[in-house]
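Have a look at the picture first.

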Amino acid sequence: MQIARETLLRSYRAMRTIRDFEERLHVEFATGEIPGFVHLYCGEEASGVGVCANLTDNDTISSTHRGHGHCIAKGVEVSGMMAEIYGKSTGVCRGKGGSMHIADLSRGMLGANGIVGGGPPLMCGAALSHKLLKDGGVAVAFYGDGASNEGSTLESLNLATVWKLPVVFVVEDNGYGEATGSSFAVAGTQKARAEGFGMPYMECDGSDFFAVYQTAGEAIAHARAGNGPVMLHVHLARWYGHFEGDAMTYRAAGEVAEAKRDHDCLELFRKKVTEAGLLEHSELDAIDEAVRDEIESSVIAAKAAPLPGPADLLADVYVRY
Amino acid sequence: MSKKSYRQAINEALRLEMRRDPRVIIMGEDVAGGQGGTSGVVDAWGGVLGVTKGLYTEFGPERVLDTPITEASYIGAAAGAAATGLRPVAELMFVDFVGCCLDQIMNQAAKFRYMFGGKARTPLVIRAMFGAGFNAAAQHSQALYPLFTHIPGLKVVIPSSPYEAKGLLIEAIRDDDPVIFLEHKVMYDDEEDVPDESYTIPFGEANLTREGDDVTIVAFGRMVKLANEAADKLERQGISCTVIDPRTTSPLDRDTILDCVADTGRLVIVDESSPRCNMAADVSALVAEEAFDALKAPIRRVIPPHTPVPFASVLEALYLPDAAKIEAAVKAVMNHKVTEAA
Ligand SMILES: Cc1ncc(C[n+]2csc(CCOP(=O)(O)OP(=O)(O)O)c2C)c(N)n1
Ligand SMILES: [Mg+2]
């Protein structure tokens with residue numbers, strides 16, 4: 001597989017940024033300073049980054065409640081995200097959305113989402129825009145195994161096929177929806193679902209950046225070429241609770257430890273690129289260090305940033321009223 | 001009698017009714033939790049905030065049903081089961097998720113009895129948590145009771161304390177109509193004395209949490225607590241208030257509201273829901289129409305602005321009614337000077 005050096009460096013940096021961002025939130029949340037619900041994407045970084053490495057700002061994605069990773073992968077600025085999670089006026093959504101609603105339309109990021117299954121219909125619409133406006137863009141709906149059962153998701157698979165839309169449905173399958181396993185909640189298979197709606201099905205190991213990058217590349221190329229939607233099923237493990245505060249008693253002892261030991265996408269990436277002589281350890285170390293600094297300063301800035309003011313409460317309900 | 005939290009009171013109501021009537025079942029996302037998990041632990045969550053904890057272990061998988069994340073199908077299934085012999089209590093988790101299943105509630109369950117010429121009974125309870133104060137932002141903080149109150153065929157219950165929650169939930173489960181039972185998520189750890197045995201609180205009978213001479217305050221759900229805090233403070237300043245907890249918005253105890261307004265001549269309404277077409281508007285219309293001559297001052301509403309619920313704590317606090325805002329509204333109606341027409 002041919003991947004530009006630039007892409008490799010950028011992707012590693014994005015994955016490292018997500019990891020550090022989330023690990024830091026895990027720590028900061030425990031201090032009680034972060035308001036609201038926080039769902040961490042740790043362990044799943046290669047999925048968001050591998051898919052988005054095939055996209056540009058002209059393409060659109062929708063995310064989920066577990067949205068920080070997709071935002072970073074799509075290029076949303078880290079300090080604005082951190083400030084948003086702290087509810088500050090410097091946040092990307094001016095402190096009005098919080099963790100579950102981070103969005104940046106200038107980056108083609110149509111929002112994390114507090115509603116499970118909220119994204120897929122929106123991506124049918126984004127794909128319709130790309131198609132009718134002939135801008136060459138595609139839409140990518142990220143959603144979980146749990147969300148794959150929502151009527152809105154299944155209806156979208158049908159609509160996208162009927163309208164032959166340039167959408168890629170990315171099922172991020174971490175085996176759980178909250179505290180319920182997908183072996184209980186998901187009937188049939190994602191593959192049979194895709195085939196049932198007449199769309200191509202692809203799958204890959206979500207801890208392997210290269211597998212995701214390549215498979216997503218094919219899926220996106222298919223959609224971009226006007227051949228209609230594709231389902232991409234990514235197999236993953238989440239490293240933390242459903243949200244911060246979840247003790248995960250429903251998971252076997254050692255399940256997370258094993259995922260961390262054997263399926264750490266950052267470790268696997270490093271091993272692969274250094275063994276193949278594509279990148280040097282020192283280059284990756286430099287990225288690690290730069291990201292550490294970036295996250296540190298984003299937290300310091302977020303804590304020091306001004307709070308929103310009374311005028312913000314009433315602003316932006318409408319464009320005009 | 002013992003101290004119980006709002007959470008425990010609800011759990012106990014479910015437990016007692018499930019023991020009493022085998023047709024009572026519960027369903028919802030992670031009402032037990034752990035199904036399909038790798039640890040073998042069952043009842044891993046007992047509801048996202050632990051309200052249904054322990055019910056799975058007592059009643060088993062046939063009566064405590066975890067669902068996939070598919071609100072339209074399981075809320076609809078609960079409605080269908082209710083119309084055919086079971087008495088389901090379905091949990092919608094956050095009431096905001098009603099967006100995913102409103103048809104089954106609004107066009108199906110609510111209308112069966114009327115559309116079918118009185119031939120159907122739909123003893124369905126839908127439990128959901130509502131309200132702001134959790135920094136849960138725009139899609140997890142709404143107070144949607146006006147939406148349900150608007151729909152003929154639904155009953156709508158908003159318990160304002162642990163005692164109220166237990167009695168009203170038992171009543172809801174025994175009721176033969178579809179009932180929307182809305183729990184304020186900020187109140188789950190509130191405690192008070194609650195009887196251990198079963199009791200019911202009838203729908204459509206308001207509770208006066210205090211009686212006074214100067215101003216009537218009508219408040220809903222968690223706002224009842226805030227209204228009483230404000231009334232305590234006002235009492236010390238020589239202003240005495242009646243505080244009415246209507247308990248149910250549908251049916252609404254119009255008589256109690258009108259009687260109290262007739263006594264005090266002044267009305268403040270405290271409502272956490274979005275201001276247009278909310279309960280404050282509804283009660284205002286009632287009083288303007290039926291008790292116009294009793295009013296000594298314009299009706300005042302303590303309500304949020306017409307915006308989604310913001311995330312940041314500072315904005316959420318500005319958004320929500322609070323005791324200080326209620327106190328100010330009461331003083332405003334007390335200070336109202338009637339201007340004589342020329
Ligand atoms: C419509 C709706 N139903 C339920 C929820 C509560 N909820 C939030 S995340 C979640 C689990 C989602 O599971 P999955 O789609 O697999 O995503 P994951 O959390 O595993 O990333 C649930 C049930 C919600 N936010 N919206
Ligand atoms: Mg999942």
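An oxygen atom of ligand 1 is 2.7 Å from an N or O atom in the side chain of A:Arg66, a polar contact (a pair of N or O atoms within 3.5 Å). Another one to look for puts an oxygen atom of ligand 1 at 2.9 Å from a polar backbone atom of A:Ala147. On the nitrogen side, a ligand 1 atom is 3.3 Å from an N or O atom in the side chain of A:Glu178. Taken alone, ligand 1 exposes 580 Å², and the protein buries 97% of that (accessible areas by the Shrake-Rupley method with a 1.4 Å probe).

Bear in mind that this is a predicted model, where local features need pLDDT of at least 70, side-chain atom pairs count only at pLDDT 80 or more, and totals for chains, interfaces and linings use all residues. Residues are numbered from 1 along each chain as its sequence is written, chains are lettered from A and ligands numbered from 1 in the order written, and side-chain values use heavy atoms, leaving out hydrogens and water.

Who surrounds the ligand? There are 22 residues around ligand 1, and A:His65, A:Arg66, A:Gly114, A:Gly146 and B:Glu71 come nearest (near means a heavy atom within 4 Å). Because residues from chains A and B surround ligand 1, the site is shared between chains. The shell divides into eight nonpolar, eight polar and six charged residues (Ala, Val, Leu, Ile, Met, Phe, Trp, Tyr, Cys and Pro count as nonpolar, Asp, Glu, Lys and Arg as charged, the others as polar).

Key:
Polar contact = N/O pair within 3.5 Å; in protein donor to acceptor, adjacent residues only side chain to side chain.
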